[in-house]
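Please look over the structure below with attention to charged pairs, helix packing and nonpolar surface.

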Amino acid sequence: MIYQGEHLFIGQFGHFCVLLSFVASIVATFAYFKATQTSIPNDHATWKKLARTAFIIETIAVIAIFVSLYTIIYNHYFEYKYAHQHSKRSLPTKYLLSCLWEGQEGSFMLWNFWHCILGLGIMLKSKKWEAPVMTIVSLVQIFLATFLLGIYFFDLKVGNSPFVLMRNEFPGAPVFQDPLYLQKYLRDGNGLNVLLQNYWMVIHPPVLFLGFASAIVPFAFALAGLWKKDFTGWIKAALPWTLFSCAMLAIGILMGAAWAYESLTFGGYWAWDPVENASLVPWLLMVAGLHTMLINKSTGYSSKSTYWFLFLAFLLLMYSTFLTRTGVLGDTSVHSFTGEGNSLFWHLIIMMATFSALFLTGYFRNNKQIPVIHKEEDISSREFWMFVGALVLLISAVYISFFTSLPVFNKIFGTHKAIGEDPEYVYNRVMILIAVVIGLLTAITQYLKYKKTPRSFWVKKIITPTVVALIISVLISVLGNVDYNKYGIGYLGAIHLAIFAATYAVIANAMYIWTGAKGKLSLAGGSITHLGFGMMLVGILFTSSKKEVISINRTGIMIPGLKDPKGRDDSGLENVTLIMGVPTPMGKYTVTYAGDSSHPVDEKMYFKVNYERKDEVTGKVLENFTLYPNAFLMKAEEGKTALSANPDSRHYWHKDVFTFITSMPDPESIKDTATFRDHPVQQGDTVFYSNGYIIVDQLIEANKSTNKDLPLVDSAWLADVTVYSNNGMTYKAQPALFSKDNMPIAKRDTVISQSLVLEVNKTGNALALGVKESNAIMKYITLKAFQFPFINILWLGILIMSAGFFISMWHRFKKSN
């Protein structure tokens with residue numbers, strides 16, 4: 001059968017490039033291995049030339065894979081499964097890149113791409129270390145290439161190709177018996193997950209995957225050191241790469257937090273979701289390894305621990321990939337991969353086992369030869385407290401990994417352990433103490449000398465920043481009214497202690513930049529990093545303990561069945577229901593649901609929510625702004641719908657007002673089946689309805705002969721009524737009836753918040769008030785709003801911390817040159 005409209009060449013070319021990258025990575029690995037093993041200069045040069053050629057070919061092939069897949073997505077070639085699953089014709093062009101890495105295959109391709117770029121950098125900068133380091137990098141490339149192969153060895157499928165055709169994937173489907181299936185049935189794709197339609201998701205995955213990919217480099221240097229039996233020389237060459245990896249992972253995590261803050265309804269930027277934890281843990285271990293590398297370079301201590309930290313950082317990075325891609329976390333994480341995980345399960349297990357075996361074999365073979373200083377470090381030395389800090393980071397990584405891995409333990413042991421109803425507290429109760437220790441160490445360690453520090457010298461240096469930090473932290477705690485008492489006085493005390501430690505880190509490192517580095521920022525990378533880390537802690541502590549729910553419901557309108565993102569009941573007093581056009585008090589603001597809009601090709605509904613704050617005495621408007629949160633209803637199981645929402649925020653220098661939709665009516669489920677009930681009335685009469693009563697204040701009759709103000713109609717009957725609801729609210733309404741050329745014209749009035757429609761009818765000489773109660777007339781939304789004080793300190797702190805990493809990296813590269 002000849003199918004019409006298919007574009008087969010681009011897919012065949014892309015798959016050829018996948019195979020080429022796989023073969024080239026094997027050749028590069030073997031050639032670099034031979035170059036490392038040989039001691040003959042000519043042979044070394046020959047093998048290295050071959051390896052470089054193979055790696056460059058691999059890089060070109062990976063770039064071609066990238067271009068081919070993007071061409072398929074950009075041109076909407078829906079005959080390809082990947083394009084059909086992740087793209088759609090109506091998707092804005094700016095989000096087409098996000099389609100590349102929404103799926104498993106695309107994200108592995110991105111990881112592969114960054115390894116190629118990093119490999120080229122290693123070729124340029126690593127000199128004698130190129131061959132052994134690139135052997136490890138190329139070996140990883142073999143595994144990454146196999147994730148994209150999508151070929152069978154007998155009955156075993158290896159990887160998933162992004163270039164598979166829909167008709168080959170589902171050969172038995174009836175639609176593929178028609179040669180015109182593209183024109184008739186596959187005219188559009190499923191589209192990108194609406195939560196990923198955010199500018200952060202265009203840039204966050206590439207940055208995070210660059211951080212992931214860079215973690216291989218320090219580990220590869222460590223393995224190279226064991227391989228070549230140069231147990232300390234590799235550290236100098238690896239230090240700039242380790243700094244780069246720490247910086248990129250930090251920025252990637254920051255972008256992920258910013259995306260969660262702007263796109264998810266956690267009510268914040270971090271929820272200890274397992275996928276978030278999977279990114280954080282390798283960073284913690286990489287930072288710990290960085291500090292032991294600095295210790296070893298300056299004093300010779302921490303040789304063995306450095307190997308272990310870098311190995312664990314890379315192992316936990318692979319483990320995080322295992323957690324997020326095999327479907328293990330499908331029931332516990334809101335943004336992990338859930339499909340096609342089984343095909344990756346053993347693939348990733350083998351990858352972790354391979355590199356674990358390489359490290360353990362190399363380490364224990366050379367264990368006795370790795371130089372160790374048996375003299376204990378002096379307690380007054382910088383290296384002693386740096387190592388303590390590294391151990392504290394290790395403890396935090398182990399703690400987070402244990403609770404994140406509960407789903408894995410349950411599958412292995414058949415248990416049903418759960419973290420509990422309040423996972424944030426499970427993590428925070430320990431991490432708040434970790435923050436205290438790390439904050440204090442970050443403050444004082446810079447003022448210590450390696451080997452030994454005279455007490456008088458240290459006290460003289462540290463006394464001023466200590467006093468200043470104590471004063472400022474007390475002012476923050478008192479004037480900031482930090483009184484978070486949800487978990488008792490002990491937890492509140494830990495928060496105040498952590499605020500001091502974080503403030504101490506900021507003040508002490510800022511002063512050290514001035515006194516220790518003499519204001520030369522190019523030499524103060526470490527202090528800048530620590531200063532940014534302290535600011536990040538201050539921002540986390542203050543925003544978390546002072547986050548305020550401002551959407552306290554005082555309207556009496558409750559929407560039952562609301563759930564928060566963790567599935568917990570959220571239908572209490574923290575959600576305000578807004579009726580369209582009705583100003584509603586909400587904390588210091590008056591909030592109005594002013595309208596909504598949508599686009600024919602956009603699934604989301606955009607809501608216009610006006611905020612206004614007035615002076616309580618003068619009534620002068622102090623502040624007004626409009627937010628545009630959006631939401632849409634997804635089809636769920638058994639015909640039900642589930643709300644998916646994106647928040648919107650008003651940003652100030654000192655706070656954010658964060659708003660998201662928690663409920664909206666389903667337009668398809670609203671049908672107006674109610675009818676009017678007529679009540680004969682006279683002025684002063686009372687008419688009852690289900691939620692209150694209506695008083696007819698006035699009835700007015702007019703016609704042209706008695707009223708010259710009726711130029712358009714012949715007669716008019718108007719009712720002025722007041723509606724009294726059971727919750728104490730009152731509303732005015734003025735329904736009317738007009739007559740023109742003996743034809744009645746009804747002017748109905750509505751009381752939306754009471755779901756009432758009122759009209760005037762005339763039977764003979766008597767007037768009747770028609771009353772209809774219908775939910776179909778009430779347009780409403782329910783929203784939740786938070787106020788985050790000084791959240792910009794958090795974002796700025798992470799940026800400054802990353803800048804410090806980059807400054808140190810640049811300084812190290814210059815020194816190595």
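**Briefing on the predicted model**

The structure holds 12 salt bridges, each being a side-chain nitrogen of Lys or Arg within 4 Å of a carboxyl oxygen of Asp or Glu. This is a predicted model, in which local features need pLDDT of at least 70 and side-chain atom pairs count only at pLDDT 80 or more, while totals for chains, interfaces and linings use all residues. Residues are numbered from 1 along each chain as its sequence is written, and side-chain values use heavy atoms, with hydrogens and water left out.

**Salt bridge**
- Arg-167 and Glu-6 meet through their side chains in a salt bridge, at 2.6 Å from N to O.
- This pair links distant parts of the chain, 161 residues apart, with Arg-167 in helix α7 (residues 166–169) and Glu-6 in the segment before α1 (8–37); helices are DSSP runs (H or I, at least four residues), numbered from the N terminus.

**Helix packing**
- Helix α15 (residues 382–404) packs against helix α16 (residues 406–413) at an angle of about 50°, with the axes 5 Å apart; axes are lines fitted to C-alpha atoms over the stretch in contact, and angles run from 0 to 180 degrees between N-to-C directions.
- Phe-402, Phe-403 and Thr-404 of α15 make the contact (heavy atoms within 4.5 Å) with Leu-406, Pro-407 and Phe-409 of α16.

**Nonpolar surface**
- Ile-471, found in helix α18 (residues 455–479), is one of the residues making a nonpolar surface patch of about 820 Å²; such patches join nonpolar side chains (Val, Leu, Ile, Met, Phe, Trp, Tyr) within 5 Å, from residues with over 30% relative accessible area and no salt bridge, the areas coming from the Shrake-Rupley method with a 1.4 Å probe, where for residues only the protein chains shown count as cover.

Terms used. Patches are made of residues with over 30% relative accessible area and no salt bridge: like charges are joined within 9 Å, nonpolar side chains (Val, Leu, Ile, Met, Phe, Trp, Tyr) within 5 Å. Helices (H or I, at least four residues) and strands (E, at least two) are DSSP runs, numbered from the N terminus.
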